[in-house]
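Dear colleague,

Here is the structure I promised to pass on, and below it I have written up what was found. Please keep it open beside this email as you read.

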Amino acid sequence: MPAERAAGGGIRIEGIGHTYLPPRGRPVTALDGVSLTVGHTEFVALLGPSGCGKSTLLYLIAGFLPIEQGSISVHGRSVVGPGPDRGVVFQHFALFPWKTVRENVLYGLEKQRLPRSERDERARDFIDMVHLTGFEDSYPSQLSGGMKQRVAIARTLAMDPDVLLMDEPFGALDAQTRSLMHEELLAILARAAKTVVFVTHDVQEAVLLSDRVAVMSARPGRIKEIVDVSGVGGRAGAIRDPGFVEQVEYIWGLVRDEALAAQGGAR
């Protein structure tokens, strides 16, 4: 990881373990001894088979789940619950259907008790950033999937979090819209640099968007390998480059082994 990413804060995850205790049945260990450092303004993708604990780790960073074992800190401060320094974008948009685009983006700003003029200006700026100017008064039911996700991203960015946590944000979109959203996200982050942790099942998506890919093992989730892909992706045409294809094939091999293990197959 470049030295400039290691300086100035970021996320530090040390020895994290997490076990779910269902009302019935046996306990399920989702994570076991996970350690990972995400540098300031670095983009790290979490990749691995279904059930490996990717989303669990993200929710622990967000403060949505209690930390049972190990520690997580953001910019040197221990995570003990949700906070304005961490913004979360979910797969299924999580918009208020009864609020317009503008009202959805304003929602978090109103909770911050900012002056109305500042709230309105910030909402306009971020609606423009995600290219939804002209749709301010539209409701989510009137928008396409890609537009809804752009509203969700604008709402999160308007809060100006230091860290952006994204849980398969494009997983519900069709292939064409997903490709466009990749370009959109890269452009947004070029203008508003953030520390990003991005959960995905898509190897190509992970290599295209991130600086490093953390491949997780089958449950209980551990970090199997961290692959530096900086300089390989970062632009739409990268998917045709030999270096990009090589990294995708290598990481897919790592994920495939764990997916087979998760299904009880031979490695």
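Predicted model: local features only at pLDDT ≥ 70, side-chain atom pairs only at ≥ 80, totals over all residues.

An α-helix has 3.6 residues a turn, so residues three or four places apart point the same way.

Helix H6 itself runs over residues 175-191, which makes 17 residues, and the distance from its first C-alpha to its last is 25 Å, close to the 24 Å expected at 1.5 Å a residue. At the start of H6, a side-chain oxygen of aspartate 174 comes to within 3.1 Å of the backbone nitrogen of glutamine 176.

The other element to look at is strand S9, residues 212-216, where 5 of 5 residues are buried. Both of its faces are covered, with Arg212, Ala214 and Met216 buried on one side and Val213 and Val215 buried on the other.

Which strands pair with S9? Strand S3 runs parallel to S9 and is joined to it by 4 bridges, and within this pairing leucine 47 has valine 215 of S9 as its bridge partner. Strand S10 (residues 223-228), by contrast, pairs with S9 in the antiparallel sense over 5 bridges, with valine 227 of S10 as the bridge partner of valine 213, and a hairpin through 6 residues joins S9 to S10.

With best wishes

Note on methods: Residues numbered from 1 in each chain as written. Heavy atoms only, no water. Helix = DSSP H or I, 4+ residues; strand = E, 2+ residues; numbered from the N terminus. Expected span 1.5 Å × (residues − 1). Polar contact = N/O pair within 3.5 Å; in protein donor to acceptor, adjacent residues only side chain to side chain. Buried < 20%, exposed > 50% of the residue type's maximum accessible area, 1.4 Å probe, protein only. Pairing = 2+ DSSP bridges.
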